[in-house]
Amino acid sequence: MTITRFLEELKHSAYYGDQIVRAERLPEREACYAEPRDPLHPAMKSTLETLGIAQLYTHQVAAIDQIRAGKHVVVVTSTASGKTICYNVPVLETMLTDPTCRALYLFPTKALAQDQLR
C-alpha cells in the first residue's frame, strides 16, 4: 500500500475520518547536521559509526550539548528523527568515563498504552 492510499483510507475511516483537520504535503528538506561543542567520546563515536551514523542532526547536538551542561531537555520531533540518540549519547558517555554512575529512564508507558488501545 502506498502512503497516498493509506492516507486516503484514514481520511475515509469511520474512526479517524472526523479527527483529521488538515492534511498537507510538505516539500523535502535538506538534513541539517552539526558537531557537539565537545567531541564525542571515541568509543561513542566509533559505536555510532558502526551503526551507520556518521553525523548528528542539529536537534541531536543541541540536546546533547544542553544535557552535558546539566540542563533539562525536552525533545519533540517526528517519528524516526533520532530522539533516542539525544538522551542515550550523554548517558553512555558518562558511563564510559564513570563506570560507577547509574541512569534511570522513565517513559510514560500508561499514556502510550492508552493511545495504542484506542
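**Figure 1. Burial and overall dimensions of the chain.** Of the 118 residues in the chain, 15% are buried (under 20% relative accessible area, with exposed over 50% and partly exposed in between; 1.4 Å probe, protein chains only). This is a predicted model in which local features need pLDDT of at least 70 and side-chain atom pairs count only at pLDDT 80 or more, while totals for chains, interfaces and linings use all residues. Residues are numbered from 1 along each chain as its sequence is written, and side-chain values use heavy atoms, without hydrogens and water. The C-alpha atoms fill a box of roughly 55 × 35 × 25 Å along the principal axes.

**Figure 2. Order of the elements.** The chain has five helices and two strands, arranged α-β-α-β-α-α-α from the N terminus on. Helices (H or I, at least four residues) and strands (E, at least two) are DSSP runs numbered from the N terminus.

**Figure 3. Surroundings of Ser 81.** Ser 81 lies in the loop between α3 (58-68) and α4 (83-97). Ser 81 has a relative accessible area of 11% and is therefore buried. Its side chain and that of Thr 77 are joined by a polar contact of 2.2 Å (a pair of N or O atoms within 3.5 Å; within protein, one must be able to donate a hydrogen and the other to accept it, and residues adjacent in sequence count only if both atoms are side-chain atoms). Leaving out residues up to four places away in sequence, Ser 81 touches Tyr 57, His 59 and Gln 60, where contact means heavy atoms within 4.5 Å.

**Figure 4. Phe 6 in helix α1.** Helix α1 (residues 3-11) contains Phe 6. Phe 6 counts as partly exposed because its relative accessibility is 41%.
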